[in-house]
Amino acid sequence: MTQGLTSPRRPLPRQLAAIDIGSNSFRLEIAELSKGRYKRIDYLKSTVRLGAGLDADGMLTDEAAQRGLDCLTVFAQRLQGFEGHQVRAVATQTLREARNRNAFLTQAHQVLGHPIEIISGREEARLIYQGVTRLQPSELPRLVVDIGGRSTEMILGHGRTVTNAESFGIGSVSLSMRHFPEGRFTRQAFREAQIAAGAEFEEALQLFSSANWREALGSSGTVGAISQILHASGITDGSITAQGLRWCIEQCLKAGHIDTLALPGLKPDRKAVLGGGLSILYTLAMHFDIEVMKPAKGALRQGVIFDLEERLLAARDRRQPDPREAAVRELQRRFNVDARHAERVRTRANWLWSGLQPDRARPAERDESALELGWAGALHEIGMMVSHHDHHRHSAYLLGHVDAAGFSQSQQRRLADLLLGQRGELSKLAERRQDRRLMQQVLCLRLAVILHHARTDDLPTRAARLEPGRGRATLLLQRRWADQHPRTLHLLEQEALLWSRQGDRELTIQLLG
């Protein structure tokens with residue numbers, strides 16, 4: 001049942017929407033941000049139990065997929081009138097695991113009308129912390145915990161800065177299915193569930209020890225549900241304590257089964273995952289010396305909205321950095337990239353890209369495709385840290401698998417394709433040839449790499465530009481510069497031959513002056 005559904009109405013330009021496609025619930029949050037203040041406009045939630053629909057082979061069942069699509073259909077109705085830049089949809093652990101996720105994502109995009117990004121566990125943790133700390137600011141070192149359906153995120157932070165973040169592959173749905181499969185509560189089941197949870201968290205005992213934080217906050221559904229039970233039952237003021245958790249477990253044992261469990265504040269849709277959620281929370285309290293955990297005001301969906309706002313501010317004002325730029329700079333530092341040369345390639349690739357765009361008055365920096373191309377230019381040589389030989393393949397692998405704050409897994413895979421295609425035969429991108437935008441990005445990156453292969457600054461910006469044509473692109477070069485750089489001209493002519501073999505697009509070189 002979807003909660004919070006209201007009639008569609010025309011959104012204001014400053015309204016932003018976040019969709020959290022979780023393992024237990026799907027959530028839609030619509031909000032307005034003005035001068036740093038957050039105002040919720042609408043909130044929809046549906047208990048989809050997508051995570052319960054993963055079979056033993058890691059395949060999402062048709063029934064679970066349909067539940068998800070039905071929910072997204074309702075969300076799409078509420079989002080009528082929203083522009084693409086006002087909406088961001090993210091998916092978490094279940095779709096990180098599902099082997100047939102691409103089929104679901106294709107259908108979901110069609111139903112929702114907006115693309116869905118699969119984010120890594122650490123990126124999920126970063127966004128959770130951003131949502132919590134923006135809505136509940138504090139200068140105390142804090143631990144934030146988010147127990148989802150199939151994963152649990154733990155984050156250490158100070159102010160708005162994340163100092164450590166990890167995601168663990170255990171959640172209320174997966175643990176309940178494994179240890180309370182028929183809805184029965186026994187001491188043995190709770191004991192085994194806590195041992196399983198403890199095994200997952202054991203490697204983090206030092207990293208998240210109580211010496212590293214002063215307050216503990218719990219985000220999202222499991223913590224909220226147990227907090228409501230404790231408050232409604234008069235056990236605590238809503239704070240979560242080890243004693244309160246033991247009381248909850250005892251009530252489950254007295255009931256014996258979810259069908260006979262009646263606790264004040266417990267919603268029916270939470271009963272099936274209560275055993276797993278309690279086991280995880282109690283294990284965390286015991287292992288990490290959490291005396292008191294308070295429910296947090298923010299969660300993943302609010303973090304997505306704050307992150308989306310920062311991206312939009314950067315698009316409107318070039319002086320405002322896109323939040324993903326910090327991750328790019330960190331990767332350059334980590335992999336010892338020649339930053340000066342990377343900037344040459346980045347600037348050239350974006351300049352060439354702007355020539356291919358029909359709306360040339362629009363700054364390239366405001367175009368997400370131009371941003372992707374720029375990041376690919378900035379990171380095209382990270383594979384040099386592994387080996388100079390075939391460094392483009394190493395670069396592609398690294399960027400496709402590294403944790404990069406702000407980037408979704410799908411966007412990292414796209415950037416990895418760009419890095420793979422920066423040199424060599426184009427046949428390795430055969431499966432992506434129908435993606436016209438990607439192939440244009442590849443063309444611009446390849447030409448930028450060639451134009452600056454000598455790693456010098458002697459090419460004026462306007463000495464080389466691209467012009468679009470029907471099924472082809474023309475590289476316009478100043479003849480004087482080309483005459484002074486015959487080796488570069490030779491490489492460009494070889495590049496034109498490579499593109500001519502593709503059959504569906506062509507690169508020509510024209511000398512001017």
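Student: So two strands pair if DSSP finds at least two bridges between them. In S8, which residue is the bridge partner of Met 154?

Tutor: Glu 166 is the partner of Met 154 in S8. One caution before we go on: this is a predicted model, in which local features need pLDDT of at least 70, side-chain atom pairs count only at pLDDT 80 or more, and totals for chains, interfaces and linings use all residues. Numbering starts from 1 along each chain as its sequence is written, and side-chain values use heavy atoms, with hydrogens and water left out.

Student: Fine. How many bridges hold S7 and S8 together, and in which sense do they pair?

Tutor: Seven bridges, in the antiparallel sense, with S7 covering residues 152-158. Labels like these are DSSP runs numbered from the N terminus: helices are H or I with at least four residues, strands are E with at least two.

Student: What's the order of the sheet with S7 and S8 in it?

Tutor: That open sheet has five strands in the order S8-S7-S6-S9-S10, and its pairing is mixed. The edges are strand S8 (161-168) and strand S10 (293-295), each of which pairs on one side only.

Student: And the sheet with S1 to S5, what order does that take?

Tutor: There the order is S3-S2-S1-S4-S5, again an open sheet of five strands with mixed pairing. Strand S3 (37-47) and strand S5 (116-118) sit at the edges, pairing on one side only.

Student: Do S4 and S5 run parallel or antiparallel?

Tutor: They run parallel, and three bridges join S5 to strand S4, residues 87-91. One of the pairings to look for is Ala 89 with Ile 116 in S5. Helix H3 (residues 101-112) packs on this sheet and touches strand S1 (15-21), S4 and S5. Contact here means heavy atoms within 4.5 Å.

Student: Let's jump to the hairpin of S11 and S12. Which residue there takes a positive phi?

Tutor: Gly 471 does, with phi near 75°, in a hairpin that has two residues between its strands. Strand S11 (residues 464-469) and strand S12 (residues 472-478) are antiparallel and joined by six bridges. Pro 468 has Ala 473 in S12 as its bridge partner.

Student: New topic: how many aromatic pairs does the structure hold?

Tutor: Six. Rings of Phe, Tyr and Trp (its six-membered ring) pair if their centres lie within 6.5 Å; planes under 30 degrees apart are stacked, over 60 edge-to-face, the rest tilted.

Student: Why is the pair of Trp 375 and Phe 407 edge-to-face?

Tutor: The planes of Trp 375 and Phe 407 stand at 85°, with ring centres 5.0 Å apart, so the pair counts as edge-to-face. Trp 375 belongs to helix H13 (residues 368-379), while Phe 407 is in the loop between helix H14 (391-401) and helix H15 (409-420), so the pair ties together parts 32 residues apart in sequence.

Student: Are Trp 375 and Phe 407 buried or exposed?

Tutor: Both are buried. Buried means under 20% relative accessible area, exposed over 50%, partly exposed in between (1.4 Å probe, protein chains only).

Student: Where is Gly 374, and what does it touch?

Tutor: Gly 374 is also in H13. Its relative accessible area is 0%, so Gly 374 is buried. Not counting residues up to four places away in sequence, Gly 374 touches Arg 346 and Asn 350.

Student: Is His 452 buried or exposed?

Tutor: At 5% relative accessible area, His 452 is buried. You'll find His 452 in the loop between H16 and S11. Beyond residues up to four places away in sequence, His 452 touches His 341, Arg 344, Val 345, Arg 348 and Leu 459.

Student: What about Leu 451, which residues is it in contact with?

Tutor: Leaving aside neighbours within four places in sequence, Leu 451 is in contact with Arg 348, Leu 352, Leu 459, Ala 464, Leu 477, Trp 481, Thr 488 and Leu 492.

Student: Last one: is Pro 358 buried or exposed?

Tutor: Pro 358 counts as exposed, because its relative accessibility is 82%. Pro 358 lies in the loop between helix H12 (339-356) and H13. From Pro 358 to Glu 467 the C-alpha to C-alpha distance is 10.0 Å, although 109 residues separate them in sequence. Gly 374 and Pro 295, by contrast, are 79 residues apart in sequence and 40 Å apart in space, C-alpha to C-alpha.

How values were computed. Axes fitted to C-alpha atoms, helices over the stretch in contact; angles between N-to-C directions.
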